[in-house]
Amino acid sequence: MLLAAEKGDITTIIGGIAPDWGPFGTLGNEARVMIEVVMAVAILLCLGIAIWGAAKQRIGATALRDTFSAEQGKGLIIAGLTGVFIIGSLGTLFTIVYGMAV
């Protein structure tokens with residue numbers, strides 16, 4: 001009976017932002033790092049939008065009793081988290097589409 005997981009590397013856990021480079025395998029190392037940086041910045045921007053929306057919803061719903069601000073906050077939360085999901089899955093989507101085309 002095996003109770004522990006197999007040996008692995010920490011990059012398999014924290015390397016989720018970087019795409020699987022299937023169609024981009026011929027890119028140079030600098031181009032790969034640049035794509036990773038752009039994706040990380042975009043994810044941080046989307047998370048910032050979601051946090052701003054949560055703050056706007058909280059302030060609008062309780063302190064100011066402004067329902068319009070609260071609804072606007074909900075929209076920002078949904079937009080930010082949707083952006084994180086889309087950007088996080090771009091590498092997988094590109095690899096699937098490239099594999100289907102080949």
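Q: How many salt bridges does this one have, counting a side-chain nitrogen of Lys or Arg within 4 Å of a carboxyl oxygen of Asp or Glu?
A: By that rule, the count is one salt bridge. Keep in mind that this is a predicted model, where local features need pLDDT of at least 70 and side-chain atom pairs count only at pLDDT 80 or more, while totals for chains, interfaces and linings use all residues. Residues are numbered from 1 along each chain as its sequence is written, and side-chain values use heavy atoms, with hydrogens and water left out.

Q: OK, which side chains meet in that salt bridge?
A: Those of Lys74 and Glu71, at 3.3 Å from N to O.

Q: And how far apart are Lys74 and Glu71 in the helix?
A: They sit three residues apart in helix α3, so about one helical turn separates them. Helices here are DSSP runs of H or I with at least four residues, strands are runs of E with at least two, and both are numbered from the N terminus.

Q: How exposed are Lys74 and Glu71?
A: Lys74 is partly exposed at 37% relative accessible area, and Glu71 is partly exposed too, at 49%. Buried means under 20%, exposed means over 50%, and partly exposed is in between, using a 1.4 Å probe and protein chains only.

Q: New topic: how many helices and strands are there?
A: Four helices and zero strands.

Q: Where is the confidence lowest, and where is it highest?
A: Helix α1 (residues 11-14) is lowest with a mean of 56, and α3 is highest at 87. Those are pLDDT values, the predictor's confidence in each residue from 0 to 100. The chain averages 75, and 67% of the residues score at least 70.

Q: What about Ser89, buried or exposed?
A: Buried, because its relative accessible area is 17%. Ser89 is in the loop between α3 (67-88) and α4 (90-101).

Q: What does the side chain of Ser89 have 2.9 Å away?
A: The backbone oxygen of Phe85 lies at that distance from a polar atom of the Ser89 side chain.

Q: How much of the chain is buried?
A: Buried residues make up 16% of the 102 residues.

Q: Last one: which residues make the nonpolar surface patch?
A: Val33, Val37 and Val41 make it, with about 240 Å². Patch members have over 30% relative accessible area and no salt bridge; nonpolar side chains (Val, Leu, Ile, Met, Phe, Trp, Tyr) are joined within 5 Å, like charges within 9 Å. Areas come from the Shrake-Rupley method with a 1.4 Å probe, and for residues only the protein chains shown count as cover. Val33 lies in helix α2 (residues 29-63) and is partly exposed at 41%.

Technical notes
A polar contact is a pair of N or O atoms within 3.5 Å; within protein, one must be able to donate a hydrogen and the other to accept it, and residues adjacent in sequence count only if both atoms are side-chain atoms.
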